[in-house]
Amino acid sequence: MQRPDRMSIYIYEFAWILPSIAIPVAMIVAIAISAFAMGINVQGVTGRIDPARVNETPPFDRPGLRQVGPNRYEAVIVAEIWRWVAATPDDKSRRVELTVPRGSEVTFIVTSRDVIHGLKIENTDVNMMIIPGQISRTTARFDIPGDYLFVCHEYCGTGHHFMYGVLHVE
Amino acid sequence: MTTETVRRFGAEGRLAAAYFIVALAALAVGGLMGTFQALNYAGVNEILGFSFYEDLAFIFSYYQALTLHGVLLVLVWTTFFICGFLIYVTVNALETPLRSLRFGWATFGLMLFGLLLAAVPILSNDATVLFTFYPPLKASPLYYIGLTLVVVATWGVLVSLVLTYLTWRRLNAGRRTPLPAFMALITMAMWTISTAGIAAEMLFLMIPWSLGLVQGTDPLLARTLFWFTGHPIVYFWLLPAYISWYTMVPKQAGGRLFSDPMARVAFLLFLLLSIPVGLHHQYADPGIQHAMKFLQALFTFGVFFPSLLTFFNVVASLENAGRARGGTGWLSWIIKLPWGNASFTAQVLAMILFAFGGIGGLVNASYNVNNVVHNTSWVVGHFHLTVGTAVTLTFMGILYWLVPYLSGKRLFSNRLALVQAWTWFIGMALFSNALHRLGLLGMPRRSMIGNAPYLALQPEWQSILPFVGIGGVLMTISGLLFFTILILTVTVSKAPANVEFPRAEAVSGPEDAPAILDRWRPWLIGSLVLIAIAYVPPLVAQLSSLSLASPGFRPW
Ligand code: HEM
Ligand SMILES: [Cu+2]
Ligand SMILES: [Cu+2]
């Protein structure tokens, strides 16, 4: 190939540079709109807690699901090695089950008593790190009936893969 | 092809070789753990009655093996290879010997010592905390001290390179820094700045805490400091591969680099933008303001730009080569490329998979979209395309010319090496595709999936998981071929090497670049300013509410 002159190299370069700027800019604008105008956001600053006093600190003194309005629920969950506690403290099962009617809006309020855990509910936007000392919080709406698996997705010890639960939407 | 009978910089070559040997040992052991993981995903925990996680000395659990996999592959294989490679590239590009070989070896010795220190608790199951060691998981202090020494030793590599550069500069006032050396210096400088985060985490949080000098720790602050270093580290892995793609592969392909100035601009943008983006790993974290997360999302999209420049420039260089070899038309120049050369082919296959890794990376970077994939096996699929292929397969390709060059012996079998590269490519395509899809279906990462009780509830996962195993086995075969070829090259191969050090010229050379591109201070200052903008607010917020309330746990 003959050496292209400097001018045509500049033209090639700019022909690539312009879309390389325009495309990421367009993407981030779309993200900003969806996050801040349409409210599809990640969690922000959501409250702190003393990890040694989780048992005594409301709302975590009474973990579980409760109705707070028409079609509105709060799921208060404590993560601990290696289970989700969303019921009375004497329930020692590794699998926790919650049931809500279809069309419910559920706010998940979660913290950890020990190490870092992670909460992900399949087929939803619910995906949060659960960090001791911090309270994680997010809301999701469940319109489609079915069983939604939720797992711990951050390594929390050798029993990590036993830590799960199921949310039934009826 | 010309044969360089007198290989220059033999002493630096031996230092580089020492780094490569450690790196390769780590790749071998770490890779084997990957095989076990992929097989576990496919439901296989033993072969012929031999159980990976029960019958092997030094392997106590899936998670201890996963710690080995992560540490050996992304901390040891990458770092040791890169340090050796950048030293050798720099002395060759500057045609100046290393300023102090003794200091170079001392640095290597410190790095190796740190590695051995960290290896002891990993192998004795006293550091089963994965390579991210998030507290309040608490490992043996040796683990933190050892890893800290490895990081500190990399600063010594920067010192070596800078001293050598200054020697060159004194004799070459006014000349443009040769491109490979320019890139090596930027890589090490960026990395060294970025290690401030992990150094602070280790010195102020992890080491005193693991020694029992303080009772508790702050898990969120530790994560934030970790990811201050944890994103730039991926560019520390990638930029050396880019050095090969920009300054060596065009020559190996028989062409020239398209634009030297554009390559310099891309690297300077990496220096500016690689660091102030670590919070994109913490989109899902509680306790961090939206504005701070979003600002770093913005910078993350910024760092996409130099990657696009690289894509253009490297492909244009390949096209230049294809046409120089008689190729014509829009695409048919591609078939003219030297696909019979294993070193070239391995690296181009690495580039192809990297394109997919980059696209997936945009999804991860996209702030709220990250909720769909965060900590799922999608992410595992993603980084096996990037560090596991773009970086690893490129380094393998580099070794296919560099080992013959350093040892003076011809590559044992170029044809076998071609098979190796293609096997990795196909295996990885299957493996990573399966993991991406499983991630979209909600399958978590860092989990012994084959033994998870919830697997029984997920027939769709079960139908895809075998492909993780098949891909993993192909990658294992490829890895075995790779080591066989290298070992036979240095032991059995008798023919003298017929390789040269690839140095690509440029179509548009450094003289077309504005002089500001060859000054360091403005760019270093710019980098620090962007870091301050991105990180002062979240760090001030976290330090002002610092609470060392978490004791340590050992749930393994
Ligand atoms: C034979 C080749 C390989 C196989 C079969 C393999 C397989 C796997 C699998 C199945 C996982 C997921 C484990 C889990 O999340 O539970 C994993 C994790 C990982 N792999 Fe690989 N891998 C291979 C090579 C590599 C290479 C070459 C690299 C990098 C240079 C790499 C880096 C990683 C990292 C960083 C993780 C994450 C570890 C963690 O989450 O702590 N792997 N690998
Ligand atoms: Cu867990
Ligand atoms: Cu990152």
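Guide: A polar contact is a pair of N or O atoms within 3.5 Å, and within protein one of them must be able to donate a hydrogen and the other to accept it. The model discussed here is predicted.

Visitor: What makes the pair Thr154(B) and Trp191(B) a polar contact?
Guide: The two side chains make this contact at 3.0 Å. The cut-off is 3.5 Å, and 3.0 Å falls within it.

Visitor: Why is Thr154(B) called buried?
Guide: The relative accessible area of Thr154(B) is 1%. Buried means under 20%, so Thr154(B) qualifies. The residue lies in helix H5 of chain B, residues 141–171.

Visitor: Which protein atoms are donors of the iron atom of ligand 1?
Guide: His69(B) and His384(B) each supply NE2, lying 2.0 Å from the iron. A donor must be an N, O or S atom within 2.8 Å of the metal, so both atoms count.

Visitor: Where in chain B do these two histidines sit?
Guide: His69(B) belongs to helix H3 and His384(B) to helix H14; the two are 315 residues apart, and the pair links distant parts of the chain.

Visitor: What makes the iron site of ligand 1 octahedral?
Guide: The site has six donor atoms, with angles of 84 to 180° among them. Six donors count as octahedral if opposite donors are over 155 degrees apart and all others lie between 65 and 115. The iron site is assigned to that class.

Visitor: Are His69(B) and His384(B) buried or exposed?
Guide: His69(B) has 13% relative accessibility, and His384(B) has a relative accessible area of 14%. Under 20% means buried, so His69(B) is in that class, and so is His384(B).

Visitor: What other polar atoms lie close enough to ligand 1 to count as contacts?
Guide: A side-chain N or O atom of Tyr41(B) is 2.8 Å from an oxygen atom of ligand 1. A polar backbone atom of Ser447(B) is 3.1 Å from an oxygen atom of the ligand. Both distances are within 3.5 Å. Tyr41(B) is also among the residues that come nearest to ligand 1, out of 27 around it.

Visitor: What is the make-up of the shell around ligand 1 by class?
Guide: The shell has 14 nonpolar, 11 polar and two charged residues. Helices H1 (10–41), H3 (62–94), H14 (377–407) and H16 (459–491) of chain B each supply at least two of the shell residues.

Visitor: What makes the site of the copper ion (ligand 2) tetrahedral?
Guide: The site has four donor atoms, with angles of 88 to 127° among them.

Visitor: Which protein atoms are the donors of the copper ion (ligand 2)?
Guide: They are SG of Cys152(A), O of Glu154(A), SG of Cys156(A) and ND1 of His160(A), lying 2.1 to 2.5 Å from the ion. In sequence, the donor residues follow the spacing C-x1-E-x1-C-x3-H. Cys152(A) and His160(A) are buried.

Visitor: Which residues supply donors to the copper ion (ligand 3)?
Guide: His231(B) gives ND1, while His280(B) and His281(B) give NE2, at 1.7 to 2.0 Å from the ion. The spacing of these residues is H-x48-H-H. His231(B) is in the loop between H7 and H8 and His281(B) in the loop between H10 and H11, so the pair ties together parts that are 50 residues apart in sequence.

Visitor: Why do His231(B) and His281(B) get their accessibility classes?
Guide: His231(B) has a relative accessible area of 8%, which is under 20%, so His231(B) is buried. His281(B) has 23%, which lies between 20% and 50%, so His281(B) is partly exposed.

Visitor: Why is Leu48(B) called exposed?
Guide: Exposed means over 50%, and the relative accessibility of Leu48(B) is 86%, so the label applies. Leu48(B) has a positive phi of about 50° although it is not a glycine.

Visitor: How do you know that Phe58(B) is exposed?
Guide: Its relative accessible area is 54%, which is over 50%, so Phe58(B) is exposed. Phe58(B), not a glycine, has a positive phi of about 75°. Most residues other than glycine have a negative phi.

Note on methods:
Residues numbered from 1 in each chain as written. Chains lettered and ligands numbered in written order. Predicted model: local features only at pLDDT ≥ 70, side-chain atom pairs only at ≥ 80, totals over all residues. Heavy atoms only, no water. Near = heavy atom within 4 Å. Helix = DSSP H or I, 4+ residues; strand = E, 2+ residues; numbered from the N terminus. Nonpolar A, V, L, I, M, F, W, Y, C, P; charged D, E, K, R; others polar. Donors = N, O, S within 2.8 Å, 3.2 Å for Na, K, Ca; no water. Tetrahedral: all angles 85-135°; square planar, octahedral: opposite > 155°, others 65-115°. Buried < 20%, exposed > 50% of the residue type's maximum accessible area, 1.4 Å probe, protein only.
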